[in-house]
Amino acid sequence: MKFIVNGEEHTFESGMTVQDLLDSLDYPTQNGGLAVAVNDEVVAQQQWPSCKLSGNDRVEIIHATQGG
């Protein structure tokens, strides 16, 4: 199944959740600082394990950093 993640096409197995995607891309999810939107809709962190992705979904992952 193909997804567009931060503007780049990736292929993953079907039935993935947002949490599965973050884990497979090695994003650190334990300490917060991440925001995820699927098809321009923000997905709350509590919903990552249950939010299923579909083919051609556009996923934006934003990692907050300190500084200005």
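Start by selecting β1 and β5: two bridges join these strands, and they run parallel. The model on screen is a predicted one. Stay on this pair and pick out Val-5, whose bridge partner in β5 is Val-59. Next, select Ile-4, which stands opposite Arg-58 in β5.

Which residues of β1 point to one face and are buried? They are Phe-3 and Val-5.

Four bridges join β2 to β1, and the two strands run antiparallel. Select Phe-3 again and find its bridge partner in β2, His-10. β1 and β2 form a hairpin with two residues between them. In the turn, select Asn-6, which has a positive phi of about 50 degrees.

In what order do the five strands of the open sheet lie? The order is β2-β1-β5-β3-β4, and the pairing is mixed. β2 and β4 are the edge strands, each pairing on one side only. From one strand to the next, the twist averages 35 degrees.

As a general rule, in soluble globular proteins nonpolar side chains tend to be buried together.

Go to helix α1 and select Gln-19. Is Gln-19 buried or exposed? Its relative accessible area is 17%, so Gln-19 counts as buried, the limit being under 20%. Setting aside neighbours within four places in sequence, Gln-19 is in contact with Thr-29, Trp-48 and Pro-49.

Follow the chain into the loop between α1 and β3, where Asp-26 is found. Its phi is near 60 degrees, a positive value in a residue other than glycine. In general, most residues other than glycine have a negative phi. Asp-26 counts as exposed because its relative accessibility is 66%, and exposed means over 50%.

Gly-32 lies in the loop between α1 (18–24) and β3 (34–38). At 30% relative accessibility, Gly-32 counts as partly exposed. Select Ala-64 along with Gly-32: the two are 32 residues apart in sequence, and their C-alpha atoms are 8.7 Å apart in space.

For the last stop, select Asp-40, in the loop between β3 and β4 (41–43). What is the phi of Asp-40? It is positive, about 70 degrees, although Asp-40 is not a glycine. With a relative accessible area of 65%, Asp-40 is exposed.

Technical notes. Residues numbered from 1 in each chain as written. Predicted model: local features only at pLDDT ≥ 70, side-chain atom pairs only at ≥ 80, totals over all residues. Heavy atoms only, no water. Buried < 20%, exposed > 50% of the residue type's maximum accessible area, 1.4 Å probe, protein only. Pairing = 2+ DSSP bridges. Contact = heavy atoms within 4.5 Å. Axes fitted to C-alpha atoms, helices over the stretch in contact; angles between N-to-C directions.
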